[in-house]
Amino acid sequence: MSSPQLPLSFSPAVPAPRPMPTPATLMPGPTGHHAVDAAVRGVANAADLPLAEQLAAYEAAHRTLREVLAAIEA
């Protein structure tokens with residue numbers, strides 16, 4: 001038994017690729033903690049900065065988050 005032949009004009013539907021997420025679309029809602037919210041905004045805004053400034057923004061956010069966590073654990 002042979003398989004059915006598809007018309008020459010047949011093309012299966014290919015889903016459109018989803019856009020890559022950006023920091024702004026991945027940004028969570030407010031945490032209610034001012035310093036944490038500012039650090040998260042800083043990371044989201046860093047994507048538009050030159051590479052050296054991105055690194056400084058990421059390091060500042062990391063430092064802030066470590067300080068907040070240390071204060072919570074104390």
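1. The crossing of α2 and α3 is left-handed. Do keep in mind while you look at this pair that the model is predicted. The two helices pack with their axes 9 Å apart, at an angle of about 160°. Angles over 145 degrees count as roughly antiparallel, and α2 and α3 are therefore roughly antiparallel to each other.

2. Here is what you will find at the contact between them. From α2 come A35, V36, A39, G42, V43 and A46, which meet Q54, A57, Y58, A61, T64, L65 and V68 of α3.

3. Burial is worth a look next. In α3 the buried residues are Q54, A57, A61 and V68, and α2 is part of what covers them. In α2, the buried positions are V36, D37, A39, A44 and A46.

4. On helix geometry, α2 covers residues 34–46, and its 13 residues should span 18 Å at 1.5 Å a residue; the end C-alpha atoms are 18 Å apart, so the two values agree. Helix α3 takes in residues 51–73, 23 residues in total, and reaches 33 Å from first C-alpha to last, close to the 33 Å expected.

5. Now the whole chain. The protein has three helices and zero strands, in the order α-α-α from the N terminus.

6. Finally, the surface. Of the 74 residues in the protein, 12% are buried. The accessible surface comes to about 6,500 Å², and carbon and sulfur atoms hold 65% of that area.

Conventions: Residues are numbered from 1 along each chain as its sequence is written. This is a predicted model: local features need pLDDT of at least 70, side-chain atom pairs count only at pLDDT 80 or more; totals for chains, interfaces and linings use all residues. Side-chain values use heavy atoms; hydrogens and water are left out. Helices (H or I, at least four residues) and strands (E, at least two) are DSSP runs, numbered from the N terminus. Buried means under 20% relative accessible area, exposed over 50%, partly exposed in between (1.4 Å probe, protein chains only). Accessible areas come from the Shrake-Rupley method with a 1.4 Å probe; for residues, only the protein chains shown count as cover. The expected span of a helix is 1.5 Å times one less than its number of residues. Contact means heavy atoms within 4.5 Å. Axes are lines fitted to C-alpha atoms, for helices over the stretch in contact, and angles run from 0 to 180 degrees between N-to-C directions. Angles under 35 degrees count as roughly parallel, over 145 as roughly antiparallel, 65 to 115 as roughly perpendicular and the rest as oblique. A crossing is left-handed if the near helix is turned anticlockwise from the far one by less than a right angle, and right-handed if clockwise.
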